[in-house]
Amino acid sequence: MTLTYIQTHLNTHKKCVKYLEKLRWKGKPTCPYCGSDKSTSKQLRHTCHQCKRSYSVTVKTTFHNSNLPLNKWLSAISIILSAKKGVSSLQLARDISVNKNTAWLLQMKIRAAMAEGEFEYFKPEKRELRVTFTGRMNEVKKWISYEKEDVDSSNRDQHLWNHLKRAIIGQYHRIDERYLYRYVDEIRFKFDRKSKTFFGYEDLISKVLKL
Ligand SMILES: [Zn+2]
């Protein structure tokens, strides 16, 4: 999804909700609390016939409880995906007109959605380890290549590793080391989808929706 498309076609809350509903439910609202697909819809909310609770498309997703307009979320996702070398939170803040703390948090949440597999070593709780940059990079290398033995994936790992090194070394001055693992999640997600339409935009939206 290009930014231009979002700004032209997903420029209101209602249009964003409809877009997400289509992706999440394929036109059939399904209760996130009990799983029933019988509901009565009124505007953008649905009332479940089984458990009687009311819900919208963002319930139990990363978008839930966010004060940020959906249009800004969708724009941020597009900007992050199309920035080959990554985008700083300051730049993102300017691009979608939010303050820098909001942009930073948004970026962290989007990166968390990009995570595939967990690697304990990079969790913030481990930061007291105070390892060197090289130490961490070695861990990154182990992480991307674990459990992969066939020739195709070792090729992919070598390319990914070269790409990561360039990206991280090129941007390291603005990466908070505690969150290096999230940064790696972003680079890896994009690397694996670089040939997909709009760099896997709908894949990522699905992850944000936790599908
Ligand atoms: Zn229900």
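Two strands are taken to pair if DSSP finds at least two bridges between them. Helices (H or I, at least four residues) and strands (E, at least two) are DSSP runs, numbered from the N terminus. The model is predicted: local features need pLDDT of at least 70, side-chain atom pairs count only at pLDDT 80 or more, and totals for chains, interfaces and linings use all residues. Residue numbers start from 1 along each chain as its sequence is written.

The protein holds 9 helices and 3 strands. Along the sequence the pattern reads α-α-β-β-β-α-α-α-α-α-α-α. Of its 211 residues, 26% count as buried. A residue is buried if 20 or more other C-beta atoms lie within 10 Å of its own, exposed if 12 or fewer, and partly exposed in between, with C-beta atoms placed from the backbone. Two residues are in contact if their C-beta atoms, placed from the backbone, lie within 7 Å. Among contacts with a separation of 6 or more, 57% join residues 24 or more positions apart.

Strands of a sheet pair through backbone hydrogen bonds, either parallel or antiparallel. Here, 3 strands form an open sheet in the order β1-β2-β3, and the pairing is antiparallel. β1 (39–42) and β3 (54–55) are the edge strands, each pairing on one side only. Between β1 and β2 (residues 45–48), the antiparallel pairing runs over 4 bridges. S41 has H46 of β2 as its bridge partner.

Two packed helices are described by the angle between their axes and the distance between the axes. For α3 (residues 70–82) and α5 (residues 100–114), the angle is about 70° and the axes lie 11 Å apart. Axes are lines fitted to C-alpha atoms, for helices over the stretch in contact, and angles run from 0 to 180 degrees between N-to-C directions. α3 is therefore roughly perpendicular to α5; this class spans 65 to 115 degrees, with angles under 35 roughly parallel, over 145 roughly antiparallel and the rest oblique. The crossing of α3 past α5 is right-handed, meaning that the near helix is turned clockwise from the far one by less than a right angle. A76, I77 and I80 of α3 meet L106, Q107 and I110 of α5. The residues of this contact comprise 5 nonpolar, 1 polar and no charged.

K194 sits in the loop between α8 (180–192) and α9 (201–208). K194 counts as exposed because it has 11 C-beta neighbours inside 10 Å. K194 and L81 are 113 residues apart in sequence, yet 9.2 Å apart in space, C-alpha to C-alpha.

How values were computed
Nonpolar A, V, L, I, M, F, W, Y, C, P; charged D, E, K, R; others polar.
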